[in-house]
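Reader: I would like to go through this two-chain model by question and answer. Please keep it brisk.

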Amino acid sequence: MSDRFSPSGRVVVTGMGAVTPLGIGPENFWPRLLAGESGIDRITLIDPSPYTTQIAGEVKNFDAADWLERKEARRVDRVIALGVAAGTLALKDCGVELDEELKDQFGVMIGSGIGGLWTMQEQTHILYEKGPSKLSPFFVPYMIANMPSGMVSIMHDLRGPNVAPVTACSTGANAIGDAYHVIKRGDAVMMLAGGSEAAINDIGVGSFCAARAMSTRNDDPTVASRPFDVNRDGFVMGEGAGVLVLEDYEHAKARGAKIYGEIIGYGMSADAYHVTNPHPEGRGASSAMKMALRNAKVTPDQINYINAHGTSTSVGDVHEVKAIHNAFGPAASNVLVSSTKSMTGHTLGAAGAIESVFCLLAMRDGVVPPTINVEEQDPECNLDVVPNIAREAELNIVMNNSFGFGGHNVCLIMQKV
Amino acid sequence: MSQDILNRVKKVTVEELGVKEEEVVTSASFTEDLGADSLDVVELVMAFEDEFGIDIPDEEVGDIKTVEKAVDYISKKLG
């Protein structure tokens, strides 16, 4: 290869795509999010009647054939199709013209918390009902959690670094943070980065029911996800995918790309405490936020908005609020904090990426999406949670929190350019 | 060649390989003309087994490289 691009050390976002329970593509979901609409409804992808939780945030009117060739569309796992859709939207949005040299320096990092759970469910069924000779040769390729990343690279001929992080519900945020570092150190000029999840099926819903982690407010789906409200009773599952185009700043500037924002901070930590429960004092969460603030070289009072992890579980929300107080000190009383999971549900491994898209749109438009269903705010969640109504505010620097089973904590900081 | 078997082989092939019906001519090779890779062939053979209620042992898969050969093979199997 000829001269490689020399990295500027700054990484900006020049494209984004997301497929969410509130719509496909920002033009469809963003107005609904600002209007405080809920994407939660009775589950239709399976018959939910045997399960204690029968509601979720499904991506409606999604047809894999709109995004993949016919043969693939018919058989790929839904998690791959959603990831490909978000990746393709993002790539189109960034407006880059791909040449052979750039393709070698254009990577993909799209993770999934769980992977191809539809394939897992269907093929396990076949194994026990019909025997091993009827297992599909596509079981392995469509079940493995790195295939959304692989498939996007194959479809668009992107030949740079390709990895898929798997850190449960912090997967999407880890992908963005790790891809940011790949570009920063000069191993790629551009990266598609994000997460995809499609686990609203029998085994997925049944297992989270078994863990007693989800809201059972089946009769009133749109108010079931209620982070920071005193009557919250668990998270509501969502599905979807979010992908950002990350790009070296000088490269983006040279081609006249539109820039949504710059990634400036990335913090990570482990609770080192329990497989599913967060640390009671939010120890790991606050150290991830502190790390992100440190490497972004900003102080807590400079953060205008936090898109919280805020899953609507009784303990999780309180621990995150404690962690924010711990990391922010007195600045916690001024920062706007909202949980968009109140509207989308918890899209698990896609959440960190979908919510990064929301953060960038919030900065672009100077408006914070609300936390809906806050009827009586939990006194233990004593922050400005932007209840129920979107709020206009000048947003220059924003933070996005994501935490996952296993005790993973991830914090991203983005700023306006 | 049985017209019924041919029609069903065509139908399964169109579905499994995502090709157009007019492409599935009798002389067409699944891998060379219809774009099937090695995994596609395994899945296609399983779909034939389901459609016709037969078993196709791995060592005989090599005998059904084209649409015509598949029809012949299946006809023989069905007696």
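Predicted model: local features only at pLDDT ≥ 70, side-chain atom pairs only at ≥ 80, totals over all residues.

Author: In chain B, helix α1 (residues 3–17) packs against helix α2 (residues 38–52) at an angle of about 140°, and their axes are 10 Å apart.

Reader: Which orientation class do α1(B) and α2(B) fall into?
Author: The packing angle is about 140°. Roughly antiparallel needs an angle over 145 degrees. The two helices α1(B) and α2(B) are therefore oblique.

Reader: What is the hand of the crossing of α1(B) and α2(B)?
Author: The axes of the two helices lie 10 Å apart. As α1(B) passes α2(B), the crossing is right-handed.

Reader: Which residues of α2(B) does α1(B) meet, and how many in the contact are nonpolar, polar and charged?
Author: From α1(B) come B:I5, B:R8, B:V9, B:K11, B:V12, B:T13, B:E16 and B:L17. They meet B:D40, B:E43, B:L44, B:A47, B:F48, B:E51 and B:F52 of α2(B). By class, this contact has 8 nonpolar, 1 polar and 6 charged residues.

Reader: In which helix is B:I74, and is B:I74 buried or exposed?
Author: B:I74 sits in helix α3 (residues 67–78) of chain B. Its relative accessibility is 1%. Buried means under 20%, so B:I74 counts as buried.

Reader: Which residues does B:I74 touch, leaving out those up to four places away in sequence?
Author: B:I74 and B:D4 are 70 residues apart in sequence, with 11 Å between their C-alpha atoms. The residues that B:I74 touches include B:I5 and B:V9, which also belong to the α1(B) side of the helix contact.

Reader: What radius of gyration does chain B have beside that of a compact globule?
Author: Chain B spans about 30 × 25 × 20 Å along its principal axes, by its C-alpha trace. Of its 79 residues, 43% are buried. A compact globule with 79 residues would have a radius of gyration near 12 Å; chain B agrees, at 11 Å.

Reader: What radius of gyration does chain A have, on the globule rule for 417 residues?
Author: The C-alpha atoms of chain A fill a box of roughly 55 × 55 × 40 Å. Its secondary structure comes to 14 helices and 14 strands. A compact globule of 417 residues would come near 22 Å, and chain A agrees with 20 Å.

Reader: What share of the residues of chain A count as buried?
Author: Take the contacts in chain A with a separation of 6 or more: residues 24 or more positions apart account for 78% of them. Of the 417 residues of chain A, the buried share is 63%.

Reader: How do α3(A) and α7(A) lie to each other: which orientation, and which hand?
Author: The axes of helix α3 (residues 78–94) and helix α7 (residues 147–156) of chain A come within 9 Å and cross at roughly 45°. That angle makes α3(A) oblique to α7(A). The hand of the crossing is right-handed.

Reader: Which residues make the contact of α3(A) with α7(A), and how many are charged?
Author: α3(A) gives A:V79, A:I80, A:G83, A:V84, A:T88 and A:L91. α7(A) gives A:M147, A:P148, A:M151, A:V152, A:M155 and A:H156. By class there are 9 nonpolar and 3 polar residues, and the number charged is none.

Reader: What is phi of A:D157, and where is this residue?
Author: Most residues other than glycine have a negative phi. A:D157 lies in the loop between α7 and α8 (171–184) of chain A and is partly exposed, at 30% relative accessible area. Its phi is positive, near 60°.

Reader: Is A:R212 buried or exposed?
Author: A:R212 is in the loop between α9 (202–210) and β7 (240–248) of chain A. A:R212 also has a positive phi, about 55°, and is not a glycine. Its relative accessibility is 71%, so A:R212 counts as exposed.

Reader: Which residues does A:S136 touch, beyond those up to four places away in sequence?
Author: A:S136 is in the loop between α5 (117–130) and α6 (139–143) of chain A. At 13% relative accessibility, A:S136 counts as buried. A:S136 touches A:Q123, B:E43 and B:M46.

Terms used. Residues numbered from 1 in each chain as written. Chains lettered and ligands numbered in written order. Heavy atoms only, no water. Axes fitted to C-alpha atoms, helices over the stretch in contact; angles between N-to-C directions. Helix = DSSP H or I, 4+ residues; strand = E, 2+ residues; numbered from the N terminus. Parallel < 35°, antiparallel > 145°, perpendicular 65-115°, else oblique. Left-handed = near helix turned anticlockwise from the far one by under 90°. Contact = heavy atoms within 4.5 Å. Nonpolar A, V, L, I, M, F, W, Y, C, P; charged D, E, K, R; others polar. Rg over C-alpha atoms; globule rule 2.2 N^0.38 Å. Buried < 20%, exposed > 50% of the residue type's maximum accessible area, 1.4 Å probe, protein only.
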